[in-house]
Every structure is written in C-alpha cells, then in structure tokens.
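Subject: Handover of a structure and notes on what was found

Dear colleague,

Please find below the structure that I am handing over to you. I should be grateful if you would look through it alongside the notes in this message.

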Amino acid sequence: MDKRVNAKLEFNRLMEYPIAITTCLLALFFLSPYIYLLITSFKPATEVIASPPRLLPTIFSLENYRGMIEYLPIGKYFINSLIAAGISMFISVFLGSMAAYGFSRFSSNIGNYFLLFTLAVRIVPLISMAIPIYTVIKNINLVDTKLALILVYTAINIPFVIWMMIGFFDGIPKELDESARVDGCGRLSAFIRIILPISLPGLATTAIFSFMLSWNDFLFALLLTSTSSKTVPVGISEFLTAYNLDLGPMASAAIVFSMPVMLFSFLIQRYIVSGMTLGAVKG
Amino acid sequence: MLDITKAKDRNASYPLLLIELEKEGDKLKLKEPTLSILFFIPAAIFLIAFFIYPIVLLVVDSFYQYDINKLNVKEFVGLSNYIKALTSDRFIKTTANTVLYVVLAVGIEFILGIILALLLSTGFRGSNIIRTLLLSPLMLAPLVAGLIWKFMLSDQFGIVNWTLYNIGILSDPHKVLWLSDERYSLISCAIADIWLTTPFMMLVLLAGIQGISKDLYEAAKIDGASRSQTFWFVTLPSLIPVATTAIIIRVIDAARSFDIIWVLTQGGPNFSSEILSTYMYKQLARYGRIGSASAMAVIFMIMLLAVSALFMKKIWNPNKEVN
C-alpha cells in the first residue's frame, strides 16, 4: 500500500514539469495579444502598418501617444468616462446595498418578487434595453449628456450590486444590528453606521465591478452621446472610421484606456475571483 | 438568537436589556414588511424608471410603426412588425449567425477553459502566478479585445497571417482575409470573444474543481480507480452544476455581445457576421425604425429567456435546500 502511494507521488512529480511547461505556454499564448498591442503602441507610425509586420519596433517611439493626443480630445473623454462610471458607481452601490440589506434582514412577498426580477434582468439583452432607453432619454432631452449615462449605468448596475451584496450581508450576524439598535440607533442609522463599515471589503469589490461595467460600456455610450459627453470607448472607436494610418494612435489609446484596469485587476485578483465565482459556484 | 454574553459586555444590567430587546422584537415584527419596502424603495424607483418602464415601452412600441425622427407620430400596426421580422430573410440569417456565434465561441471557450482549469488544479509550483496572469485580462473591455484582433487579423499587416505563412501553413500571407471574407468573418469575431472570456470559464471551472470534496477522490483511490477513471467518474460529474451555470452565463453574454463585432466587422461583409445586437443597433441608429427594432428586441428577449429557462430546468434540483 505504502509503496503504491509513493509510486503515485513520484509519478506526480515527474508529471509536474510537463504540466507546468504546457500551462506556461498556454498562458503565454493567451497573454501575447495584449502584449502585442502594447508593443504596437510603441512602434513608429510607419511600422504599425508595415507588411510584413515586425514583432518588435526598430526604435521605441512615443509618436502614437502624441498622435492620440493630437487627434482626439482624449483627456476630455477620460473625464467623461470617469464621471459617468464613478458617479453611477456611488449611486448604484449605495441604493443597491440598501436594498440588499432590506432583503437580507426582512422578508416580504414584494421583496421576494423584486429579488427574482433583479435576477431576471441579467437575461435581458442590452440592445433590447437600449432601444426604449434611447426614446426615454430623447423624450426628457438628455441626449448627449453625462447625466443620461449616469442614470442608465446606475439602473444597469443596481441589480448586480443587490446580488453581490446580499451574500455579504447574510454573512454578517444579525445580532450586530440588534445590539446597535439597543444602543439607540434607528434601522437606517444602524445600517449606515454599523453594517456598511463592516461590509467594506464586499462593498469595495462590488464597487470595482460596477465601475468596470460602466467604464467598459460601449453600446450605450455610442447610442446616447454624440459630441460633448463621449466616453473613451466611443473616442477609440472613431479611429476605425478614419484611415488605417490612425491605427497606431488607436493602439495607444486602447493601452491608456485599459492599462489601469489590467494592473488593477492584477493587484486585486483575489477579490475578482470571489466576485466572479460567487454566482456560478453557489448556484 | 441573541448572543447574551456579547450584550452583557456592552451593558452591565443585562436583565433589563433582555426586556428591552423583547419589546424591540415585537415592534420589529410588526414593522417588518413596511421597513423592508423602505429599504428597497429607492432602488426600486430607479429600476422602475430606467428598467421596467423601458421594457414596457419596448413591448408597446413593438406594435407601432414608429420612426426616430418623428417621435410624436405613432401608428398602431398590430403584429405586423413581428410578422415582418419573422418572415424576413435578414432576420432569420442574423438569428442563425447569432446561434452559430454562441455555439462556436462558448463551445471552444468551455473546452479550453476546462483544459486550463485541470492543468492549474494540479497545483504545480508557480501555478498561482500563472493563474493570476491568466486572470488579468478578465476586466478588459470587449472593445479593446476587438481592437487587438483587428490588428492581429488584418490581411495586410496582421501578425496572424504572417505567422501562419512563416511556419508554412499558408502559401501567401495575404491569403486568408479574416475580416473581409464572408467565410471567415464570423469565426474571426468568435476568436476575439474566445480570447477575451476563456479566462472566465477557466476561473469558474477551477473554483468548481477545487470545491469537489477530497473524500470522493479518496474513495476512488481506495476502489483502485485509474487517473482517467477518476476524471470521468468523479471530476466531470461533480463539475456538472458549476459547468452548467458557467455555460448559461456565457451563452447569455455571448448572445448579447455587440462591441467585439462592431469593432471587427460591423456585421459585414455582406451581413456574414451580423448578429442580432448589431442588426438591431443598425435598425435603430441608421434607419431609425423604432417599431421594428423593438419587435425584434422582444423576440430576442423571449429567445434568451427560453434558453435560460431550459438550462435552469436542467440544473434546478427541487430537493436542493431553498433559502
């Protein structure tokens, strides 16, 4: 018996290197497109569209980054993106976690139906939402405003926040709110003063996700903005309609747009894992 | 249940406290339904105004002839938008493309995802670093994924064709027009989607594998099961619920994807990579046909609901503990 276990262990150790090398190669294969985009953004403009393409630039050039700033008011687009994603994140996290707290602590029939509805929302294709939302926004004269984006993103994020936060609130013992009540807090102030601070890690994860959802949105921004409140994705996509020569600056813009996200998600990947697997593994 | 020891620390006179709590308890019970409503009413108002109302509007609009440039002119046309959509070749072709795109993308993602998850689950030295590296593109915008593949698949300066040419698979580096050949355009879009979301599949499946009870493996070992037997009879069956959930999430997301296709081909050439999202967007933004776009959107929603319901029924276990 012992011998067999040992043999198995040895077999595993022998297999370790081939498995590790295969996985490394697969991982490299997966990461290479992004690395290639990064390299492309540092090529001189003529080399971006060179045929045959070179893997590495002959000289390290910031030409594309300069081009990006010259061709597009990219700074303004960044501010628009930040405002739309940031404000909608705050509103949706606050309102969503309040609702989640309500669901987690009290039970009522209306609440249960509402909860079921928020789950069903995930199935609605965004383009289906975009059609009526366009007419609603047009009717209240908010086309091409940041407010329109904030309202839409908040509505899209709230169901997501509710589902994320219910899990966290259920993990907090009810005795905590009860002792806060004993100390003279009202229900709402117990929620704001005691429960919210405790659930800060959960709130942060949820906030990051809802920020990313809006930050990465392209469809609604494309549909609802035209001049003054374009976001970065819409700005980047505009390179596509122009000449091929603009591909270099486009690569730079894509890097500037996504690099913070890449680095950030690298740092907080532990939380991403818990956030992403929450629904799937529990369900 | 109230933890008396904790309460006691907070307040020395705890018999008094208990009486107070009992009172509170009664009050709470009475107030509960109202309180619950108070907590979710702000979120509910938001969702009603920007989610439920738009969906109702969508269904209503689908029965009207309704143009984007004349928002105050609505002409009731009954089911004619639906009939037109369901009998139009473009809509049927677009639906078929959507199905093909979803099957292709999610199928390959699942296979790649499970291979990566199994490799990583062996827990070799350094597997954590690789997992972290593989996860970092997870939050990348689909738009950026589209751009990356636009570069790589270009028939003039794209690295994919040149690599295939250099290793001898292609006789001419300009031979495969990934994005402008009707035969490949949809596949090219699927490639970008596969690249972007395989890490998600891998992550969920890995979590599923790691969640399988060690006892099952022990039992298999005692019974003398071989490695492949353990995989087929322990790992795979235990993964079914997690895998189904991951697949359903991906099927829904792939079916409603827009960004990647818009960036890569805008549905072309000759509608060969047109999927429902891009088609409806064009109906709305280019031709301004709110009525017919709405009818298509309603059909699309019903299709996704039906698919999800089917999946749910498969994984729904009535004996499972319901919270």
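The notes below take up confidence first, then chain A, and then chain B.

Please keep in mind throughout that this is a predicted model.

Confidence in chain A

The average pLDDT of chain A is 84, and 90% of its residues score at least 70. Among the elements of this chain, the highest mean pLDDT, 93, belongs to helix α11 (residues 219-224) of chain A, while the lowest, 63, belongs to helix α14 (residues 269-282) of chain A. Over residues 1-10 of chain A the pLDDT is below 50, and this stretch has one contact in the model beyond near neighbours in sequence. Where pLDDT is low, the predicted coordinates should not be read in detail.

Helix α6 of chain A

Helix α6 of chain A covers residues 126-139, which makes 14 residues. From its first C-alpha to its last, the helix reaches 20 Å, close to the 20 Å expected at 1.5 Å a residue.

How many of the 14 residues of α6(A) are buried? The number is 11, so the helix is largely enclosed by the rest of the structure. After the helix comes A:Asn141, which has a positive phi, near 55 degrees.

A:Ala100

A:Ala100 lies in helix α4 (residues 74-105) of chain A. Its relative accessibility is 0%, so A:Ala100 counts as buried. Leaving aside neighbours within four places in sequence, the residues in contact with A:Ala100 are A:Ile162, A:Met165, A:Ile166 and A:Phe169. A:Phe239, by contrast, is 139 residues from A:Ala100 along the chain, and their C-alpha atoms are separated by 42 Å.

Chain B as a whole

Chain B contains 13 helices and two strands. It has 323 residues, of which 50% count as buried. Of its contacts with a separation of 6 or more, 64% are between residues 24 or more positions apart. The chain exposes about 16,100 Å², and carbon and sulfur atoms supply 65% of that area.

The two strands are β1 (residues 64-67) and β2 (residues 70-76) of chain B, and they pair in the antiparallel sense over four bridges. Together β1(B) and β2(B) form a hairpin, with two residues between them. Within this pairing, B:Asp67 has B:Lys70 in β2(B) as its bridge partner.

Two residues of chain B

B:Ala49 is found in helix α2 (residues 14-61) of chain B. Is B:Ala49 buried or partly exposed? Its relative accessibility is 31%, so B:Ala49 counts as partly exposed. B:Ala49 is 16 residues from B:Gln65 in sequence, and the two are 24 Å apart in space, C-alpha to C-alpha.

B:Gln283 belongs to helix α12 (residues 276-285) of chain B. With a relative accessible area of 4%, under the 20% cut-off, B:Gln283 is buried. Not counting residues up to four places away in sequence, B:Gln283 touches B:Gly288, B:Arg289, B:Ser292, B:Ala293 and B:Met296.

With kind regards

Methods:
Residues numbered from 1 in each chain as written. Chains lettered and ligands numbered in written order. Predicted model: local features only at pLDDT ≥ 70, side-chain atom pairs only at ≥ 80, totals over all residues. Heavy atoms only, no water. pLDDT = per-residue confidence, 0-100. Contact = heavy atoms within 4.5 Å. Pairing = 2+ DSSP bridges. Expected span 1.5 Å × (residues − 1). Buried < 20%, exposed > 50% of the residue type's maximum accessible area, 1.4 Å probe, protein only. Areas by Shrake-Rupley, 256 points an atom, 1.4 Å probe, with all protein chains shown as cover.
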